[in-house]
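Dear colleague,

I am passing on the structure we spoke about, with the sequence alongside. Please look it over, and then read the notes below.

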Amino acid sequence: MEGLSRTLCLTAVLLILTEVRPELVRVPLKVQHGVEGRSVLLAVETLFRLNESEVQGTWSHTRPSGARTTLVTFTKNSTITDMTRRDRLQFRGPNASLQLLTLRPSDEGVYRLDLNVEFHNRTGHFLNVEKTVHVTVDVPVSSPTIGMSPTYPVVEDRENVTWSCSVQIGTKVGFQWLRNNVVLRPGKRYWFSEDSSTLVVSPVRKEDKGEYSCLARNHVSQMLSRSMDLNVYYGPYNLAVNPAQGQGQGNMFYINPGELSYFDCKADSNPPNSYVWISKNANSSQVVMLGPRLKVRFYRPFQREEYLCRAFNNVTEKQDETQFTLWVTGSGTGKEKHSQVSSSVSPLAAITICSLFIIAFMVLFFLRRACHPKRVLMNIYNRPLTEQRRPHLSGHEDATEDFGIYEFVAVSGLMESTQASCRSLARLESMQDVQTTIYDVIRHVPETPGHTLLTVPSPTQAALRQ
């Protein structure tokens with residue numbers, strides 16, 4: 001029974017050792033990217049105590065050409081290093097790590113660790129370990145330079161563009177292309193060279209415009225080039241008419257009578273389009289305006305007009321057009337029409353009206369001065385006495401013709417008004433605060449045919465005599 005128990009225990013220990021063997025020795029990094037002129041450490045981790053075991057192993061180097069060289073042979077107490085590389089190798093016990101100093105391009109390749117371990121408490125049982133590390137040696141890249149052919153703007157669907165990227169310094173350089181900071185992938189119109197240093201876009205489309213840049217990189221560095229703009233002539237696309245005033249839906253717009261309305265025609269294009277507005281009716285079409293904006297005004301309610309906007313790109317020689325209907329509604333205050341008519345008055349007409357107003361004002365001013373009461377009185381006083389007493393003739397040769405009944409008019413009161421007509425002022429011969437009597441006509445009826453016509457004083461003279 002005791003022998004059987006020992007056999008079972010040994011079998012269990014062997015199984016445990018078999019299961020844990022891969023974890024007793026580890027290499028954290030399977031690949032190491034080194035920089036030329038610098039050092040790299042090939043680290044090894046052991047999960048057992050070296051003082052409780054016997055260790056024997058070697059480090060070897062296999063170049064890309066297949067040539068193999070033993071670098072270090074070691075035991076628990078001794079180390080033997082290849083004398084040709086003694087100054088560039090450093091063995092680190094007790095975990096069997098190896099450091100490569102001052103890397104050269106020739107140091108690239110596969111480094112292999114062969115390790116044999118014998119445990120003191122398990123005599124006769126050995127642990128064989130094989131670990132490999134792949135080492136690369138690279139030179140950091142310099143700033144890349146990009147180029148474009150052709151260097152001038154290209155027309156979509158007609159021309160191709162070839163991009164190139166290169167570096168002055170760097171080993172095992174790979175390239176990646178970006179447009180507007182977004183990585184470009186191979187596609188139907190995108191062709192890359194083996195190392196992606198060349199990109200061909202064929203043919204060029206509108207979506208290819210933007211800023212291009214190149215990313216150069218290897219295992220130890222990366223550098224981004226300056227950006228370069230690609231200008232693509234395209235369009236017109238997405239042509240549409242938008243009203244600045246009025247309402248509408250789809251290709252139908254509504255405006256009020258007398259309202260000045262604007263319509264903008266826009267399309268995505270490079271270079272900018274040339275725009276033509278065309279008025280269409282049942283019989284003919286007529287160009288009404290050039291440019292992206294249409295200006296219209298209609299006064300007749302319920303009027304309908306058909307318009308067409310045509311956009312043309314002179315470089316791509318492509319064109320597009322859109323048609324819409326304009327309806328004049330039955331509403332409107334008419335203020336727009338009134339303002340339009342008022343605004344049509346020319347400056348010359350305004351000057352003429354102002355001139356007539358000034359002339360009328362001057363005429364009224366001089367008439368006021370000429371008919372002032374004081375001036376009239378002064379003219380009467382300054383007349384010769386003979387003229388003041390001159391007999392008043394009726395205008396008839398026969399006095400019998402003047403026979404009739406005449407009205408005697410008397411006016412009493414203060415003279416307060418200073419504004420009168422020239423005829424009334426000529427008959428006024430008294431000043432303010434004076435009782436006046438005005439005789440319009442005084443005539444004696446002759447008693448005998450031979451009686452002469454009496455001299456009739458003027459109303460002004462009668463008032464002065466009183």
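Which cysteine does a disulfide join to Cys 165? The partner is Cys 214, with an S to S distance of 2.0 Å, where a disulfide is taken to be a pair of cysteine sulfur atoms within 2.5 Å.

Before going further, please keep in mind that this is a predicted model, in which local features need pLDDT of at least 70 and side-chain atom pairs count only at pLDDT 80 or more, while totals for chains, interfaces and linings use all residues. Residues are numbered from 1 along each chain as its sequence is written, and side-chain values use heavy atoms, with hydrogens and water left out.

By the sulfur distance rule, the count of disulfides is two. The torsion about the S-S bond of Cys 165 and Cys 214 is about -90 degrees, so this disulfide is left-handed. The pair links distant parts of the chain, 49 residues apart, with Cys 165 in strand S14 (residues 161–166) and Cys 214 in strand S19 (residues 210–217); strands here are DSSP runs of E of at least two residues, numbered from the N terminus. Both cysteines, Cys 165 and Cys 214, are buried, a word that stands for under 20% relative accessible area, as against exposed for over 50% and partly exposed in between (1.4 Å probe, protein chains only).

The other disulfide is formed by Cys 265 and Cys 309, whose sulfur atoms are 1.9 Å apart. This link is left-handed, with -105 degrees about the S-S bond, and it connects distant parts of the chain, since Cys 265 is in strand S25 (residues 261–270) and Cys 309 in strand S29 (residues 304–313), 44 residues apart. Cys 265 and Cys 309 are buried, whereas Cys 354 is partly exposed, with a relative accessible area of 47%.

Finally, Ser 213 lies in strand S19 and counts as buried, at 6% relative accessibility. Ser 213 touches, among others, Ile 146, Trp 177 and Leu 224, not counting residues up to four places away in sequence, with contact meaning heavy atoms within 4.5 Å.

Methods. Helices (H or I, at least four residues) and strands (E, at least two) are DSSP runs, numbered from the N terminus.
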